[in-house]
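Colleague: I have the file open and want to go through it with you. Can we take it piece by piece?

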Amino acid sequence: MRWTETFIPTLKEAPAEAEIHSHQLLLRAGLVRKLAGGLYTFLPSGIRVLRKIEAIVREEMDSAGALEVLMPAVQPPEIWKASGRYEQAADVLFKVRDSKNREWLLGPTHEEVITTLASTELHSYRQAPVSFYQIQTKFRDEIRPRFGLMRAREFIMKDAYSFDVSDEAAMTSYQKIYDAYVQVFKRCGVTTFPVEADTGVMGGKHSHEFMVPAPTGESEVAYTEDGSYAANLEKANSQGATTTTSSECTGGLEKFATPNVKTIENLTQAPYNIAAEAQIKTLVFIAEEKPVIALVRGDDQINESKLCGALGTAIFRAAEAGEIHAALGAHPGSLGAVGVKGIPVFIDEQLRNAAGMSTGANENGFHIRNVNVARDLPGVQWADLRTVREGELSESGQPLKIQRAIEVGHVFKLGTKYAEALDANFLAEDGKQHPFVMGCYGLGVTRTFQAIIECGNDEHGVIWPQAVAPWQVCLTVLDIAPGGEVMKAAQAIYDELTSAGIEVLMDDRDVRPGVKFKDSELIGIPVRVSVGARSLKEGNVEFTLRAEGGRENVPLTEAVSRVQSELA
């Protein structure tokens with residue numbers, strides 16, 4: 001491919017819209033262009049990278065025994081209502097209407113579609129195990145699309161779905177796709193580590209996310225340096241924070257005035273001087289139209305993903321001021337659960353056996369001290385509700401560290417949730433009907449694209465791994481005069497490399513050498529061979545590896561073999 005025959009609109013400066021480095025390089029390297037918020041056009045060099053990532057994904061999914069299909073992007077809302085996700089996922093669903101004013105959904109994922117297919121096509125245990133996958137455009141109505149391809153309204157995802165007749169068999173399918181993901185990311189040259197994850201609105205009880213460590217990642221993961229534990233912060237647990245409250249306090253409840261106290265911090269100050277860890281934080285939520293109370297220690301933060309699991313529903317939100325007052329008779333700052341009846345109370349495990357605690361009295365301007373959780377809060381529902389903190393010990397006894405990361409893949413064991421909702425049943429050997437046990441597996445193709453850039457770059461531009469680079473070699477011609485010795489030598493190298501199956505971009509533009517060198521580094525092509533009159537006069541060409549930098553002279557007669565050895 002000649003540079004003058006393709007379209008690579010590089011930019012010297014990053015557009016103001018680009019918030020993170022990888023987003024800037026997407027635009028500066030001429031890989032994509034923005035149409036509107038969260039919507040991007042892939043340009044020729046970007047398409048080359050995208051197709052290579054897709055090819056790797058296909059090869060590994062095929063090796064795992066999955067069968068490729070292609071499902072409709074437009075979906076009827078009825079199947080989403082049947083699964084219960086029409087309401088649960090309402091915030092991200094794109095809804096459109098046809099000429100007859102009938103509503104349709106632009107698919108953000110395809111659990112409902114594939115399960116509907118299974119309900120009509122899979123009927124016997126003899127047809128299992130079977131896994132299907134597709135690579136397709138998805139749509140999510142992101143409120144705030146940002147970071148380029150990381151959080152877009154339209155994106156490309158590989159989604160796969162497995163159907164098995166038992167939990168044990170489902171775990172075998174799960175492991176196959178898990179292992180395939182490990183290979184995909186390894187081949188794409190991006191470092192990932194799998195972490196335990198929350199299943200969220202997907203359902204199911206077993207889930208892992210594949211994370212790429214990156215300071216700009218939107219997710220946070222907790223892990224131990226010895227590798228014994230890793231989990232998304234939404235899921236992570238620990239042995240808990242050190243407690244300073246006494247479990248032997250036997251004093252009776254005592255109400256005391258706390259005028260103008262509105263926060264946990266206010267109560268830690270004089271004249272009260274009650275440490276945050278000696279307080280109970282009371283939070284009110286509305287779950288499926290009814291109030292619920294969640295309690296955590298004063299120095300802890302509620303983890304809403306964990307609360308979602310405890311509530312058993314994703315349809316909940318923080319209560320508004322009027323709703324809180326109607327439920328408890330007080331305003332935030334004076335709330336508590338002591339003596340509350342008729343409202344479910346969920347309490348964090350960190351507070352088990354705690355005593356000598358203080359909490360709101362459900363009377364504006366008053367608190368209660370000497371709260372003994374076991375004595376004064378009967379009938380509560382215990383759950384892990386807190387967000388772990390760095391330095392706490394994991395269950396293996398190792399200190400936790402927390403870092404930001406980019407989620408590029410997610411695998412779930414769904415169980416029978418969708419099969420039951422959409423009647424995907426099979427006739428078992430015992431002659432009875434049973435729902436299929438399902439798994440689902442998402443891999444963000446376009447997100448992986450940008451994650452590779454986020455992890456592979458320097459001050460000059462992108463550093464592509466060989467497997468996904470738009471071209472393997474940039475052949476930089478410093479004298480483009482037709483029929484000249486430089487062009488003849490460059491053409492001979494080009495012909496020999498392309499005949500050997502190596503992808504070469506010949507920079508035959510009529511621009512200064514410095515511009516060519518900078519663009520080559522910006523685009524990130526792994527190997528650059530520069531042919532110029534000065535080096536050619538000495539029988540050499542200039543050889544540069546993008547990842548390592550530095551330049552060296554290589555004899556013209558060895559140029560092709562040197563490239564081949566570097567790409568082997």
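Colleague: In what sense do strand 17 and strand 20 pair, and over how many bridges?

Modeller: Keep in mind that this is a predicted model. Strand 17 and strand 20 (residues 381-383) pair in the parallel sense, over 3 bridges. In that pairing, I347 stands opposite W382 in strand 20.

Colleague: And how does strand 15 pair with strand 17?

Modeller: Strand 15 (residues 290-297) also pairs with strand 17 in the parallel sense, over 3 bridges. There, I347 in strand 17 is the bridge partner of L295.

Colleague: Which residues of strand 17 are buried, and on which side is each?

Modeller: Strand 17 covers residues 345-348, and both of its faces are covered. V345 and I347 are buried on one side, F346 and D348 on the other.

Colleague: Let me zoom out. How many helices and strands are there in the protein?

Modeller: The protein has 16 helices and 31 strands. Its C-alpha trace spans about 100 × 70 × 50 Å along the principal axes.

Colleague: What share of the residues is buried?

Modeller: Of the 568 residues, 51% are buried. As for contacts with a separation of 6 or more, 69% of them are between residues 24 or more positions apart.

Colleague: Now helix 6. What span should helix 6 have, and what does the model give?

Modeller: Helix 6 runs over residues 167-187, which is 21 residues. At 1.5 Å a residue the helix should span 30 Å, and its end C-alpha atoms are 30 Å apart, so the two agree.

Colleague: Which residues of helix 6 are buried?

Modeller: The buried ones are A170, S173, Y174, I177, Y178, A180, Y181, V184 and F185. Seen down the axis of helix 6, they fall within an arc of 165 degrees, so they line one face of the helix.

Colleague: Why would residues a few places apart point the same way?

Modeller: An α-helix has 3.6 residues a turn, so residues three or four places apart point the same way.

Colleague: What is on the other side of helix 6?

Modeller: E168 and K186 are exposed there. Just after helix 6 comes G189, with a positive phi of about 75 degrees.

Colleague: Next, helix 2. How far does helix 2 reach?

Modeller: Helix 2 (residues 44-63) has 20 residues and reaches 29 Å from its first C-alpha to its last. That is close to the 28 Å expected at 1.5 Å a residue. The helix is followed by G65, whose phi is positive, near 90 degrees.

Colleague: What do the buried residues of helix 2 pack against?

Modeller: They pack against strand 2, strand 7 (130-139), strand 8 (154-164), helix 6, strand 24 (437-444) and helix 12. The buried residues of helix 2 include V49, L50, I53 and M61.

Colleague: Change of topic: how many aromatic pairs does the structure hold?

Modeller: It holds 13 aromatic pairs. One of them is F42 with F449, which is edge-to-face, at 5.6 Å centre to centre and 75 degrees between the planes. F42 lies in strand 2 (residues 39-42) and F449 in helix 12 (residues 445-455), so the pair ties together parts that are 407 residues apart in sequence.

Colleague: Is F449 buried or exposed?

Modeller: F449 is buried, with a relative accessible area of 0%. Its ring and that of W464 have centres 5.7 Å apart and planes at 85 degrees, so that pair is edge-to-face. W464 lies in the loop between strand 26 (461-462) and strand 27 (473-477), so this pair ties together parts that are 15 residues apart in sequence. W464 is buried too.

Colleague: Which rings form a cluster?

Modeller: Ring pairs link F132, F163, F426 and F436 into a cluster. As for charges over rings, R509 lies over the face of W3, at 3.8 Å from the ring centre. R562 lies over the face of F543, at 4.5 Å from the ring centre.

Colleague: Last one: where is I480?

Modeller: I480 is in the loop between strand 27 and helix 13 (485-499). At 24% relative accessibility, I480 counts as partly exposed. Leaving aside neighbours within four places in sequence, I480 is in contact with M487, D508, R509, D510 and K516.

How values were computed. Residues numbered from 1 in each chain as written. Predicted model: local features only at pLDDT ≥ 70, side-chain atom pairs only at ≥ 80, totals over all residues. Heavy atoms only, no water. Helix = DSSP H or I, 4+ residues; strand = E, 2+ residues; numbered from the N terminus. Expected span 1.5 Å × (residues − 1). Buried < 20%, exposed > 50% of the residue type's maximum accessible area, 1.4 Å probe, protein only. Arc of directions from axis to C-beta. Phe/Tyr/Trp six-rings, centres within 6.5 Å; stacked < 30°, edge-to-face > 60°. Lys NZ or Arg CZ within 6 Å of the ring centre and 35° of its normal. Pairing = 2+ DSSP bridges. Contact = heavy atoms within 4.5 Å.
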